[in-house]
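Hi everyone, thanks for making time this morning. Have a look at the sequence and the structure on the screen, and then I'll walk you through the fold.

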Amino acid sequence: MSIAVPPTPQALKVPEVMTALRLSRSKVYDLIRSKELPSYTSGRARRIPVEAVHEYMQNRLEENAA
């Protein structure tokens, strides 16, 4: 018996980013507006690439290490 594993998403919704980064909705949108967190829209839905979240976290780590 084989268990189906869902594919890893390539883009996240704003609430998913909020959960992943433990930030408020307004803070996530602030990061999007300031271009610190790249995003795109698909119809009316805002999406943030998973790689953009990883890059944001890496940048924050590097800033705090300095």
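Let me begin with a question: how many residues lie between β2 and β3 in their hairpin? The hairpin of β2 and β3 has two residues between its strands, and G43 in the turn has a positive phi of about 70°.

Before I go on, a word on what we're looking at. This is a predicted model, where local features need a pLDDT of at least 70 and side-chain atom pairs count only at pLDDT 80 or more, while totals for chains, interfaces and linings use all residues. Residues are numbered from 1 along each chain as its sequence is written, and side-chain values use heavy atoms, with hydrogens and water left out.

How confident is the predictor? pLDDT is its confidence in each residue, from 0 to 100. The protein averages 93, and 98% of the residues score at least 70.

When I say helix or strand, I mean DSSP runs numbered from the N terminus: H or I over at least four residues for helices, E over at least two for strands. Two strands pair if DSSP finds at least two bridges between them.

Now the sheet. It is open, with three strands in the order β1-β3-β2 and antiparallel pairing. β1, residues 11-13, and β2, residues 40-42, are the edge strands, each pairing on one side only. Neighbouring strands are turned by 45° against each other on average, direction ignored. For the angles in this talk, axes are lines fitted to C-alpha atoms, for helices over the stretch in contact, and angles run from 0 to 180 degrees between N-to-C directions.

Let's look at the pairings. β1 is joined to β3, residues 45-49, by three bridges, and the two run antiparallel. L12 has I48 in β3 as its bridge partner, and K13 stands opposite R47 in β3.

On to the helices. α1, residues 14-21, lies across β1 and β3, running at about 95° to β1. Which residues of α1 are buried? They are V14, V17 and L21, where buried means under 20% relative accessible area, exposed means over 50%, and partly exposed is in between, with a 1.4 Å probe and protein chains only. These three cover an arc of only 60° around the axis, so they sit on the same side of α1. The arc is that of the directions from the helix axis to the C-beta atoms. The buried residues of α1 pack against β1, α2, β3 and α3, and contact here means heavy atoms within 4.5 Å.

α2, residues 25-33, has V28, L31 and I32 as its buried residues. Their arc is only 100° around the axis, which puts them on the same side of α2. The buried residues of α2 pack against α1, β3 and α3, which is residues 50-65.

How do α1 and α2 meet? Their axes come within 9 Å and cross at roughly 105°. The two helices are therefore roughly perpendicular to each other; angles under 35 degrees count as roughly parallel, over 145 as roughly antiparallel, 65 to 115 as roughly perpendicular, and the rest as oblique. At this meeting point, V14, P15, V17 and M18 in α1 meet R25, V28, Y29 and I32 in α2.

If you like checking backbone torsions, here are two residues for you. R22, in the loop between α1 and α2, has a positive phi of about 55° although it is not a glycine. R22 is exposed, with a relative accessible area of 72%. K35, in the loop between α2 and β2, has a phi near 70°, again a positive value in a residue other than glycine. K35 counts as exposed too, at 69% relative accessibility.

One last stop is A65, which is found in helix α3. A65 counts as exposed, at 66% relative accessibility. From C-alpha to C-alpha, A65 and M18 are 23 Å apart in space, and they are 47 residues apart in sequence.

That's my tour, and I'm happy to take questions.

Definitions and conventions. pLDDT is the predictor's confidence in each residue, from 0 to 100.
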